[in-house]
Every structure is written in structure tokens, then in C-alpha cells.
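Work through the exercises below with the sequence and the structure at hand. Each task is followed by a worked solution.

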Amino acid sequence: MFDEDQIEAFNLIKDGHNLLVSGQAGAGKTFLIKKAVKYLRKHQRKADIVCSTGIAATHFSDLGAQTLHRWAGIEDGRHMNQNLLHLIETDERFISVKKNFLNVDVLFIDEISMISSKVLSQVEFLIRNVRKSNQYFGGAQIVLVGDFYQLPPVPNELLGDPGNHCFRISWFNDCFPHQIILHLIHRQSDHTLIKCINELEIGNPSDETLA
Ligand SMILES: Nc1ncnc2c1ncn2[C@@H]1O[C@H](COP(=O)(O)OP(=O)(O)OP(=O)(O)O)[C@@H](O)[C@H]1O
């Protein structure tokens, strides 16, 4: 059964809102995404899951997750927006990317802390233009999931990506007005260790952790 925060997030997802779901390790983000994706698919909505790394995608292998870079055809980030848009619209090698953009109803982006503002902005630009829409992400519903205290984006100076967090994008709060934090830690194993990590993550260790 979902906890209170998970219920709030689930209802927003079900009702078609864009949102950011965050929470520390063990707060039940993966648990929530899996249930939400199964629910949406059962109700004939095309829900895709993408992650910043292939390893994270294996957590959702039963649900067909892949990396965002592969799903969106952005490769290593070498393409400028207009060039990549042209490739997606005209080049057969990008046919599955074009289908992804045109068909997706709800896109879950996990490990969002590692997706840079450059990458998220490029994905937004591409989906909006392929869908020929004025809405953010071409009107596709986007659910960002992660913990901004965890790993940051990897900078790629050669390709003009300084690795800024995506929440720095000027339109971020406008596109993601709903931002839910999962407060309850569900993971039982290594509870003490996880508590220490979570406290250190936010720079506020308790006496127990310091001891
Ligand atoms: N509402 C719930 N009821 C029962 N178990 C839950 C619930 N939410 C999460 N769990 C369990 O708690 C554990 C941690 O949850 P989960 O892996 O989803 O956390 P997470 O936020 O994705 O963590 P991480 O950031 O480390 O990936 C899992 O074993 C999961 O099945």
C-alpha cells in the first residue's frame, strides 16, 4: 500500500500532470514508478521509462526501460538541436526515436539528478517540434524522478555541456509546478547506514550518526 506522499504523487500522475517526485534512498520512488507505469499501461496509455544510465534502466527491465540518450536519439550530445531534429524527421536510423516522440503519452525520467539542463532542454525541444506543438514536451506528460542530493550531471565541456542541474532551466518550475517529496523511508535493510547517508547527504548529521 502507498504511503501518503506516494498516494499524492500517484494521483497527480493518474490525472495527467507533469511532476517532479523526489526523495532520499529507500523512499519508494522506484516502487511508485513501477506501479504507476503498470496502471497507465493497463488503462491504454503509452508509458515509457528512461534513465540516465543503463544500470538504472536494469531496475525496470521487466517494463522495458532504456537510457534517455537512446530513447531520444541524442547519442553523446554531439548534435545541435536543429540538426538532430532534421535527422529524426528524415533519417531512417531515427525512425524508432520519431515513434517514441509521437506515441508516448507519459514519459518517466528516473535518476533526474544526473540529467543536465542541456540534455533536458534538448529533449523538450525535440519532442515539442516533432509533435508540432507549442506545449512543453509537445504536450506529453513528463514525470521526473530522483534525488538532487545524489549524483549530479556529468559535464561534457567538449560538447558544450557544463553539467548544470536541470532544475536551473528557466522554464523548469513552470513546466513542473507539482513537486512531491517522498518523506517515508521504506527500505528496511541497513536502516542505520541509510539513515547516516541520508543525514550526511543534506549536511545535517544527528548525534547518533556522528557517533
Ligand atoms: N508503499 C510501500 N509499501 C511497501 N514497501 C515499499 C513501499 N514503498 C517502497 N517500498 C519498498 O521499500 C524499498 C525501497 O523502495 P525503492 O527501491 O522504491 O526506493 P527508491 O526511492 O527508489 O530508492 P533508491 O533511490 O535507492 O533507488 C523497496 O524494497 C520497496 O519495495
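Predicted model: local features only at pLDDT ≥ 70, side-chain atom pairs only at ≥ 80, totals over all residues.

**Exercise 1.** State how many salt bridges the structure holds.

Solution. Side chains of opposite charge can pair when their charged atoms come close. A pair counts when a side-chain nitrogen of Lys or Arg lies within 4 Å of a carboxyl oxygen of Asp or Glu. The structure holds five such salt bridges.

**Exercise 2.** Determine the N to O distance between the side chains of Lys46 and Asp48, then classify Lys46 and Asp48 by accessibility.

Solution. 
- Step 1: the N to O distance is 2.7 Å, and the two side chains form a salt bridge.
- Step 2: Lys46 has a relative accessible area of 36% and is partly exposed.
- Step 3: Asp48 has a relative accessible area of 9%; buried means under 20%, so Asp48 is buried.

**Exercise 3.** Which parts of the chain does the salt bridge between Lys132 and Glu89 tie together?

Solution. 
- Step 1: the closest N and O atoms of Lys132 and Glu89 are 3.2 Å apart.
- Step 2: Lys132 lies in the loop between helix H7 (117-130) and strand S5 (141-146), while Glu89 belongs to helix H5 (residues 81-90), so the pair joins parts 43 residues apart in sequence.
- Step 3: Lys132 is exposed at 67% relative accessibility, and Glu89 is partly exposed at 32%.

Notes. Residues numbered from 1 in each chain as written. Heavy atoms only, no water. Buried < 20%, exposed > 50% of the residue type's maximum accessible area, 1.4 Å probe, protein only. Helix = DSSP H or I, 4+ residues; strand = E, 2+ residues; numbered from the N terminus.
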